[in-house]
Amino acid sequence: MALIRRYRLIIGTGMAVFLIRFALQVMSLPQLLRWLTCNPVAGEPVQETMEDVVYYVDRWLALFPYNPKGNCFPRALTLYRFARRCGLAVQFRCGVMKLNQRLEGHAWLMLDGRDFMEPSRYWQFFTVTVAFPPAPLPDPGQPSDFP
């Protein structure tokens, strides 16, 4: 049974990477993010599942790279979909930074104010330009940290 589950995950992550790469060609990013946001599906332990998902997504993107500069964009989108299915309230983020007189971009996920399944601290150097879903606005009835 574990072998069948593993093969389903391998195929599922490969299909998700392919569909997201195709969708990036025909949909706007906001449309795609709304489409990828889903209700949780009951199942296996989240941590074990997400570690396996990360492993297989990274393997698929190594076999079929998205961009010579990196795979962070389809990686973050694919992991966003799987994390949301596991019930994790991750936030997709994109950012830019100036490097050698050029703008460089990066995409990553955040969960509870921390990076989520990110292989390095590279994301910390970027100014966030897209955050989805947007952070909720403070409740006007709650005390604020600002005077």
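## Aromatic clusters and pairs

Trp108, Tyr122, Trp123 and Phe126 form a cluster whose members are linked by ring pairs. The structure is a predicted model, and a search of the whole of it finds seven aromatic pairs. One of the pairs is that of Trp60 and Phe64, which counts as stacked because the ring planes meet at 20°, under the limit of 30 degrees, with the ring centres 6.2 Å apart. Trp60 is partly exposed, since its relative accessibility is 26%. Phe64 is likewise described as partly exposed, with a relative accessible area of 48%.

Phe126, by contrast, is buried, because its relative accessible area of 8% is under 20%.

## A charge over a ring

A further aromatic ring, that of Tyr55, has a charged residue over its face. The residue concerned is Arg59, placed at 4.8 Å from the ring centre.

## Helix H1

Helix H1 covers residues 2-26 and has 25 residues. From its first C-alpha to its last, H1 reaches 36 Å, which is close to the 36 Å expected at 1.5 Å a residue.

Several residues of H1 are buried. Among them are Leu9, Val17, Ile20 and Leu24, together with Ala16 and Ala23. Thr13 and Gly14 of this helix are buried as well.

Arg85 belongs to helix H4, which comprises residues 72-85. With a relative accessibility of 33%, Arg85 counts as partly exposed.

Arg85 and Thr37 are 48 residues apart along the chain, yet their C-alpha atoms are separated by 8.1 Å. When residues up to four places away in sequence are not counted, Arg85 touches Cys38, Asn39, Pro40 and Val41.

## Confidence of the prediction

The chain has a mean pLDDT of 86, and 87% of its residues reach 70 or more. Over residues 142-147, however, the pLDDT is below 50.

Notes:
Residues numbered from 1 in each chain as written. Predicted model: local features only at pLDDT ≥ 70, side-chain atom pairs only at ≥ 80, totals over all residues. Heavy atoms only, no water. Phe/Tyr/Trp six-rings, centres within 6.5 Å; stacked < 30°, edge-to-face > 60°. Buried < 20%, exposed > 50% of the residue type's maximum accessible area, 1.4 Å probe, protein only. Lys NZ or Arg CZ within 6 Å of the ring centre and 35° of its normal. pLDDT = per-residue confidence, 0-100. Contact = heavy atoms within 4.5 Å. Helix = DSSP H or I, 4+ residues; strand = E, 2+ residues; numbered from the N terminus. Expected span 1.5 Å × (residues − 1).
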